[in-house]
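Me: I would like to learn how to read a model of two chains with some care. Could we go through it feature by feature?

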Amino acid sequence: MLRWKLILIALFLLAHAVSAYSLRGFLGSTVPNGHHITYSPTTEVILRSADAKYKTYIRADGESFVFLNVTAGSYALSVNSAEHLFHTLRVDVAESDVQVFLTHRGNEWEFKGPRQPYPIELKPFAPAVYYQYREGFNILKLLKNPMLIISLLTLGMVFVLPKIMDSLDPEQLKEIQQQQAKSVPSAIANPMNFDVASYLAGKSSGPSASGSSASQSNSAGGPRSRKS
Amino acid sequence: MNVRALSLFLILVTASFVRALFADEAFVVDWHIRSIGSIYSALVSPDSVAVFSESSVLASLDPINGTIRWRHWLDESAVPQHSHLIRLDSSAILLIAATPADASITHIAAWIEDSGYLVWEAYLSGGAPVGVSVAGDVYVLLSGGMVQRLSRRTGSEVWEYSLPEGHYPVDIVASKQSVSVITRKQDKGLGYFIVGAESGELASDNLVVIDKNAAAVPSVAKTEGHGSDIISWTVPGEGGSIKFANLSDTAMSVYTIDPKAPYASFSLTSTSTGIVATLAGLDGRSWAELYSTSGSKLRLVGVTSPTESTIAVGAGKLFEISKGSISRLALGSDGANVESRTEVGLPSSPIEFLTCSSSACLVGFKNGEYVLANITGVTWTRDESIADVVSALFVELEEEGESLSLGEVLFEENAAPLQAYIHRVKRHWNALAGLPQYVVGFFQRFMSGDYDAVPVDPNSTVTDTFGFRKFIVLATTKGGLRALDTAHSGAFAWKVDDVLESDVVVGIVHGDAKDKLYVVGKFGTVAYINALTGKIVTISKIADFGLGDKVESVVTFVDDGVQYISAWTAHGQLHFLNGSSPSKSVYFSKVIDNAVVGYIYKEDRVIPTWRFTLPTSSYKITSFASRDPDDKTVSVGRVLGDRSVLYKYLNPHILAVAAVHEDTKSAAVFLIDDVSGRLLYSSFHDDEVVDTAAGVKLVVGEHWVVYSYWSELATRGEKLVVLDLYESDVRNERWSNAQNFSSFTETPLPFVQDQAYLFPEHITSLAVSRSRFGITNRDIIATLDNAQIAVIPKRLLDARRPINRDPTNEEKEEGLVKYDALVGDDKRFIISHVFNVVGTKKTICNPAYLESTVLVFAYGLDLFFTRITPSQPFDLLSKSFNKGQLLLTIFALMVGVRFTGPMVRRKQLNIRWGTQN
């Protein structure tokens, strides 16, 4: 590996000496989570402008690339890799120097992103994910479901509540029942003609009155009037 | 729209945009066949077979099984016609090739043979490579007359030498000490200069003349190795004499061979026993002649008898390859002796390519097959004809249970009752043989809940339960047909070579019966074949085919439910292939000479009716498309959120034509009615810098057109434009009242809603999915130049998506989401996942029996097949469905009921009795 690196360094220097329009760079091989990436030999690096396209491959060290004979211009540099995703870079090649910028897709080409160092260093920002995965049966996940917890709790109450009621003495029971009768609106106690809208609106009118007013407003703005 | 369709529609509208291939379905529902194309040059060694193909693919093949170890598609940087594939050292190979633009630049690259990594590359200006020689370092002779020495380690230039004026470069032979540059000059003839390998300067100023009369020789053949470098040539007008010179020989004698018989081609090789000339005669027979050289004398040692077989020299040994055997010969003064002979089955097609090494021969046949054969037999066979497909189509297989033929049904219906009864009992008795297999299959399927649990027999022509198994028939440029089995990773179901008897296949099309195909040739040959077996039913020439006429394409018409198949020729003739021609007038259009011409066929004559020319002659038509006639429409309108309807413009005659303007770098798209020639819509992209070389890619769907092009302005990228066509911009307004759309009624122009999106990759072609009944949503299938294939839901490319605001409730009901210019960033849209599907040219779709599922096949260099479900697999039980879990739940419920039942009963009883316990 070291031998290749030496050769490549020599090559960089030579390439640079021969033509000012050689671009060099490498794909970062350590990603944030500490893994070391080896790029496959089919990883292509592409430099493209309106009228030119250059394609090169990853060198034997598994990370570096060199573009030779590049004419001056403004290029987009992208990496074709089946395994990793890379940002596209803007590479401006001029007589004297090379400037590299990040690009933001969907923006005008003149809108340059942050300046990047040269030689180009391009790190994959994510592995390519092509698949979706099926969720298998998981008892823990099932138990974490809030709906299930609620239903289990109610089920428990069904069994537990009568027991608690039983353990109370009859006078206390009567007191609780009276309190409940007071606090619960009569509408809930009589669910047949309960008007949800007026209950939510905070109207405390009696069930019969609220029921008739609701039906009146319905006939005023409801679909029936629209038909006529 | 019936009720079932409506309920399905509701399911489909609620389906989400993002979906992907399930990890457990990858490599199961899809397959990929990698190809290299016709081999241009090869290096055969015991450890590897390196090849460079006419499709510009450099690859290394496994010598044991022939699989591709690695390959690179050097599409734009290497032209095979000016290429040299040569070994650099034991671990690396070298490819020297001209770059395509004008072949003025040579690209040279060294690759590690095992892994495919690039070691170094260099660009040499000075023309195409004429000759290459490796002697430690690399010596390249360019067509501009330059010789360059490149370092074998880095590819950097060591020195450069230019030939004197007037000398044309012919070839180069290098050794450690000196480099012989062979040239030709009008007054000097064929000769060579000696250049010092170290200095890069002429060792002596004089041209060493080899042959004074050979000034007009365009090229010489060179064979290096075995301690001697031989160049050979023939001089026109000197009879059939072959001249050769040994460059390693200091005396530089020129020898002349007069072969025993007239020959078509020859090759000379230096071996340990002498110089072997292998010759192919004018009558197709070949032979070999062995000569020994001593001083300036040439002596014929031995000669083999002419044979139908092919003769080649590999690593100093003489091989004879025939249809049935491969032999190694020892040629001596007593003629040829067979050293060893192995019976092998080789294709019967003529040999077109042959490279031998000491270990094996790589033999290429005219039918596109390549065989690596050694003296013990055939090691492997690769079929590369599928790398170059002219036309492809899906063929439906028989349905299971179709064992009862039509003839049998008729017999049982019409025969005397007793006879019919006996026939039926017999038939059932015969069917009993399949019972055990059926029972086993039934239980397997029941236990696993998986229809794939019972594999389909690869040799049968019966489809599977859901119609996923079909044949794909490919017509290749090699003149053969190949049928691929979609259920068995694209294995060949059958193959036919040279189906049209040396005519060139133009197209294949379904015949009147669903299992029959017409294969149409350029020079008027038509074969009618059985698509399930590949058997040729009939083969004939088109009657009254014009002299010098050529078939350009196959045109089909459907008139009153009858299908008419015809061949359209360069002379503007229509030849109907299935005997009958339509009685009524039929209309069609063709793109000819950068214009669209409409024709009418009536009373056996083709009459041009209209002509659509582009606004200026600088526009060049790059592509055109029309709607698939088999595509179905379930609803004529689009229901909006407020229950009003926008009626779709369902004109089946829309022809979309795309053109680019080379000078202004702009693009234009025109929608034409191809019966009346009326221009329905046009759109110009003038203020953009369009990549005119890539052109515009087009697809026409139900009532919409989607096209894409790469441009530099306003933002750089691939633009994907959608045109949704409605009958009117007024809701609930409809012009076409009949079921069928007529191009002759004066309907107003369509109301077109358009929208553009940005796609991250370069698109090379577009296609649209087609389901069985057209209820399922449509997906746009895009092949990308990074060797992947993506799907884009058409629903995502909706021109009605609200811009810069959230959708209203009504719009949400329509399934619209807020407009976002960027589409396709998610890699889960890539249906080819990790496959590298190189060089795709076209995608075709075919529905499965299930409405949800569409079979997709892409071809070009590689072949790729998968199935997609644009609206989720709503009619298929999911793989994650757990039968055991369901049974367990039911069991748990039963247990629960069993326990709680008595409890509830006791409680109710207690309440009635008024007791608490």
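Me: Where in chain A is confidence lowest, and where is it highest?

Reply: Helices (H or I, at least four residues) and strands (E, at least two) are DSSP runs, numbered from the N terminus. The mean is lowest in helix H8 (residues 223-227) of chain A, at 39, and highest in strand S7 (residues 89-93) of chain A, at 92. Residues 204-228 of chain A stay under 50, and the model has 18 contacts for them beyond four places in sequence. Where pLDDT is low, the predicted coordinates should not be read in detail.

Me: How many helices and strands does chain B have, and what share of its residues is buried?

Reply: Chain B has six helices and 64 strands, and its C-alpha atoms fill a box of roughly 130 × 75 × 70 Å along the principal axes. A residue is buried if 20 or more other C-beta atoms lie within 10 Å of its own, exposed if 12 or fewer, and partly exposed in between, with C-beta atoms placed from the backbone; by that criterion, 41% of the 917 residues in chain B are buried.

Me: Which residues touch the most other members of the largest nonpolar core?

Reply: In soluble globular proteins, nonpolar side chains tend to be buried together. A nonpolar core is a set of buried Ala, Val, Leu, Ile, Met, Phe, Trp, Tyr and Cys residues joined through C-beta atoms within 7 Å. The largest one has 243 residues, of which Leu95(B), Val473(B), Val519(B) and Ala656(B) touch the most other members. Strand S52 (residues 654-661) of chain B supplies the largest share of this core, seven residues. Leaving aside neighbours within four places in sequence, the contacts of Leu95(B) include Phe52(B), Leu58(B) and Trp111(B).

Me: What is the strand order in the open sheet of four strands?

Reply: Two strands pair if DSSP finds at least two bridges between them. The order is S11-S12-S13-S14 (chain B), with antiparallel pairing, and strand S11 (129-135) and strand S14 (157-162) of chain B are the edge strands, each pairing on one side only. S11(B) joins strand S12 (residues 137-142) of chain B over six bridges, and Pro129(B) has Leu142(B) as its bridge partner in S12(B).

Me: How many residues does each chain bring to the contact?

Reply: Chain A brings 34 residues and chain B brings 45. H1(A) gives the most to the side of chain A that touches chain B, with four residues. S12(A) also pairs with strand S1 (residues 21-22) of chain B in the parallel sense over two bridges, where Tyr131(A) has Leu21(B) as its bridge partner.

Technical notes. Residues are numbered from 1 along each chain as its sequence is written. Chains are lettered from A and ligands numbered from 1 in the order in which they are written. This is a predicted model: local features need pLDDT of at least 70, side-chain atom pairs count only at pLDDT 80 or more; totals for chains, interfaces and linings use all residues. Two residues are in contact if their C-beta atoms, placed from the backbone, lie within 7 Å. pLDDT is the predictor's confidence in each residue, from 0 to 100.
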